[in-house]
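Thank you all for coming; I would like to take a few minutes to walk through one model with you.

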Amino acid sequence: MTKKRSAKSKVKHPLLKRITNIATKVFLYFLLVSVIWVIAYRFINPPITLLMVLRNIERKADGKSFKTEKKWVKFEDMSDNMKRAAVSAEDQLFLKHIGFDMKAIEKAFASNKKGKKIKGGSTISQQTAKNVFLWPGRSYVRKGFEAYFTLLIELFWSKERILEVYLNVIEMGDGIYGAEAAAQEYYGKSCRKLTKRRAALIAACFPNPRRWTPKNATPYIRHRQYLILRNMNRLGPLDF
């Protein structure tokens, strides 16, 4: 009886060791690739995101043609109004935190626990990590990867780079990505010359850009614009 048990354990032990070795290698490869990927995007502008690909698949399924309107604008060339509007609308503590706004997360958790409308409490850093490196969704697995990539970009990128990437890849309409494409679509002008009011109206649509648009702003969006403008005046210049 004892010999049989020892024979079984000998069979299981090498298998367990092999699985552990494979899992360890996969984990180490993932760490290496993800770090190299993040460092590369510190200097290279992301050419496309998974969200853009998925949106085009959805468009094709609906019988529409592919559409990805985007044009990269350097951070220093972008209107200061657009930068301040984004921070005022989405993450007023952007320059102070290291990727996470714990108070916002606690509020979102409490709201979701009560069964109210789901809130994310995501910072600009978290949204950038999600938009550039991950897929859309609300699963705990994706949230875990989001937290990991958020820490990496906070570690390897500057705040200017995070905001630059955010404002160049964020979805701002059906097939429209980035502040430049949005400014051209809605105002026929470059984001380099956006006024406070126009920048605030674009930022007001960030939470649901495929439903809300500056072209047909609802009273709710106009109210959001007013709040963002008020926050912009209170925020003052961004001191990077």
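Predicted model: local features only at pLDDT ≥ 70, side-chain atom pairs only at ≥ 80, totals over all residues.

Which residues are linked with Arg55 in a network of salt bridges? The network joins Arg55, Glu58, Glu171 and Arg210, where a salt bridge is a side-chain nitrogen of Lys or Arg within 4 Å of a carboxyl oxygen of Asp or Glu.

Residues are numbered from 1 along each chain as its sequence is written, and side-chain values use heavy atoms, with hydrogens and water left out.

The structure holds 11 salt bridges. Arg55 counts as buried at 16% relative accessibility, whereas Glu58 is partly exposed at 34%, with buried meaning under 20% relative accessible area, exposed over 50%, and partly exposed in between (1.4 Å probe, protein chains only).

Let me turn to Asp174, which forms a salt bridge with Arg59, the closest N and O atoms being 2.9 Å apart. This pair links distant parts of the chain, since Asp174 sits in the loop between strand 1 (171–173) and strand 2 (176–177) and Arg59 in helix 2, 115 residues apart. Asp174 also forms a salt bridge with Lys64, at 4.0 Å between the closest N and O atoms, and because Lys64 lies in the loop between helix 2 and helix 3 (80–90), that pair ties together parts 110 residues apart in sequence. Arg59 is buried, with a relative accessible area of 11%, while Asp174 is partly exposed at 33% and Lys64 is partly exposed at 39%.

Finally, a buried threonine: Thr123, at 2% relative accessibility, lies in the loop between helix 4 (102–113) and helix 5 (124–133). Leaving aside its neighbours within four places in sequence, Thr123 is in contact (heavy atoms within 4.5 Å) with Asp91, His97, Gly99, Phe100 and Asp101. For Gly99, the backbone oxygen lies 2.6 Å from a polar atom of the Thr123 side chain.

Terms used:
Helix = DSSP H or I, 4+ residues; strand = E, 2+ residues; numbered from the N terminus. Polar contact = N/O pair within 3.5 Å; in protein donor to acceptor, adjacent residues only side chain to side chain.
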